[in-house]
Amino acid sequence: MKRGHDLSGLMKFATSPAWATRLRDALGDHLGPAMEEFDFEFEDLAEIVGDHWAGVLWGCAFEDLLTRTVEPGGLNLVDDYIRRRGWNEAGPAKLYMRALQSSVMSLYEVSEVEPGSGFLVRDLIRGGDPVRVIERSASQTLKQWDRIGTRVVIVGGKHLLSGGVLSFTMEAADALMADLRRVEGKRSPRSQLTLTDGKLRALPSLLSTAWLFDVVPRTMGAMTVPTLHNGDGEEVVFHRVRFPFARGATHALIGDRLDLLPAMQRETSHFWNWLGDKPTSVRKGTGRMAWGVTMMDGTPVLGNIEMKGRALILAVTSAERAGRGTALLADTLGDLVGTPLTTIETVEQAMAARREGLTASEPAPTVAPEVATPLVHAMLDRQYRATLDERVGMLGDITPRAAARTAAGRERLSAWLKHLENRSGAAPDPNDPMATYDFTWMWRELGIETLRK
């Protein structure tokens with residue numbers, strides 16, 4: 001007799017002649033709109049989204065079928081299976097099937113993750129208070145403010161996730177919520193949705209379709225990465241210029257030369273920030289996606305210079321800065337360095353490398369976490385503190401401090417901070433200094449700590 005939450009017998013029964021057509025209908029509801037829109041066949045799904053997500057989508061359709069009553073006869077898959085095969089199932093397994101039978105798939109926001117134990121989930125569509133889910137495996141991979149499409153069921157007094165869990169980007173989740181608000185006649189983006197279970201059951205493939213419409217265009221290459229520009233209006237293309245040490249050159253000699261340059265600010269024994277001119281006023285939005293780093297006083301950071309082994313590395317975000325920085329360092333260091341070698345990486349290449357877990361072309365030295373973490377956190381403190389007084393497009397092109405003065409602005413601030421926090425926690429290594437950075441002080445300083453839920 002099978003035990004626990006094993007659904008293998010029920011899955012096999014769903015593919016039997018009595019139910020195979022109904023299972024195909026459910027799969028068609030979940031996958032059909034995307035297949036028609038993006039012109040692909042079911043056989044192509046795994047190649048487009050990957051074997052894992054193809055399996056999850058099949059699971060979402062299967063779980064949807066468990067909730068359906070079909071004609072003739074008002075049959076339900078769970079009832080039919082337990083009547084015919086229930087003798088082969090343990091009590092907990094049958095309880096789990098019954099819980100899925102009455103469940104509803106919704107969109108949830110994750111918070112207070114305890115790896116290996118569980119997390120809180122808040123239903124973004126139906127509202128209500130967060131509930132604690134007991135989940136060992138998912139709690140190892142989910143992070144603060146993730147959005148997931150799934151079913152939360154109660155078995156034995158505990159909240160559990162179903163097997164079909166779709167991971168949404170924040171942008172896709174926000175788009176889905178905006179569409180639902182329009183359907184419900186709610187004009188304000190801050191209006192709380194309160195869809196009933198009955199309404200959600202009438203939209204069985206809603207989340208699968210929304211997920212596919214976000215993922216498929218990107219994986220099929222139908223969407224391009226927006227062009228980013230740095231603070232000088234130059235297109236962001238990452239350049240790394242490597243200056244090899246000449247014979248007889250030492251870290252001390254090169255460091256002394258760099259310290260003579262007013263634009264170079266030493267951070268550590270081997271690392272400098274290359275600074276630009278501090279702006280005299282707050283810049284207005286340009287309508288283009290901008291990306292850049294500033295010091296706490298608003299001074300822009302044009303690039304970084306680091307000594308690694310027997311080489312000096314200049315890292316900048318545009319071809320123009322690479323040219324200026326290379327000329328500056330060559331003039332300053334003279335015969336202490338040899339001919340520089342430049343490597344270039346586009347935003348698309350950098351994103352692909354991060355997804356695949358690849359490292360940069362210049363391997364970074366192993367730095368103990370107790371050394372790297374305070375340095376990175378101090379840099380992030382300076383960057384984010386300066387950002388509080390800079391215009392942010394996501395806030396309506398006003399500063400975070402200005403947004404905190406109105407109720408509408410505070411709601412936008414909450415969404416913006418969740419976005420920052422979620423992106424920071426996306427590092428592949430959970431011990432990475434970026435992943436361990438604590439954003440609590442920003443919520444507190446802006447006076448919206450009560451919205452961090």
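Reader: Which residues of α5 are buried?

Author: In helix α5, the buried residues are Leu77, Val78, Asp80, Tyr81 and Ile82. The word buried denotes under 20% relative accessible area, exposed over 50%, and partly exposed the range in between (1.4 Å probe, protein chains only). The model is predicted, so local features need pLDDT of at least 70 and side-chain atom pairs pLDDT 80 or more, whereas totals for chains, interfaces and linings use all residues. Residues are numbered from 1 along each chain as its sequence is written, and side-chain values use heavy atoms, without hydrogens or water.

Reader: Against which helices do the buried residues of α5 pack?

Author: The buried residues of α5 pack against α1 (8–14), α4 and α6 (91–101). Packing rests on contact, that is, heavy atoms within 4.5 Å.

Reader: What makes asparagine 76 a cap of α5?

Author: A side-chain oxygen of asparagine 76 lies 2.8 Å from the backbone nitrogen of valine 78, at the N-terminal end of α5. A polar contact is a pair of N or O atoms within 3.5 Å; within protein, one must be able to donate a hydrogen and the other to accept it, and residues adjacent in sequence count only if both atoms are side-chain atoms.

Reader: Which strands does helix α12 lie across?

Author: Helix α12 (residues 319–333) lies across β8 (238–244), β9, β10, β12 and β13 (311–316), and runs at about 150° to β13. Such angles, from 0 to 180 degrees, are taken between the N-to-C directions of lines fitted to C-alpha atoms.

Reader: What makes β9 and β14 edge strands?

Author: The open sheet has 6 strands in the order β9-β10-β12-β13-β8-β14, with antiparallel pairing. Strands β9 (264–268) and β14 (341–345) are its edges, as each pairs on one side only. From one strand to the next, the twist averages 20°.

Reader: How many bridges join β10 to β12?

Author: Strand β10 (residues 271–275) and strand β12 (residues 301–308) run antiparallel and are joined by 5 bridges. Pairing requires at least two bridges found by DSSP, and therefore β10 and β12 count as paired.

Reader: What is the largest nonpolar core made of?

Author: The largest nonpolar core has 57 residues; Val49, Leu77, Leu107, Phe168 and Leu212 have the most contacts inside it. Helix α4 (residues 51–67) gives the most to this core, with 8 residues. A second, separate core of 21 residues includes Phe243, Trp272, Met307 and Leu312. A nonpolar core joins buried Ala, Val, Leu, Ile, Met, Phe, Trp, Tyr and Cys residues through side-chain atoms within 4.5 Å.

Reader: Which residues does leucine 107 touch?

Author: Among the residues that leucine 107 touches, beyond those up to four places away in sequence, are Leu124, Ile125, Ile148, Phe168, Leu176, Met177 and Leu207.

Methods:
Helix = DSSP H or I, 4+ residues; strand = E, 2+ residues; numbered from the N terminus.
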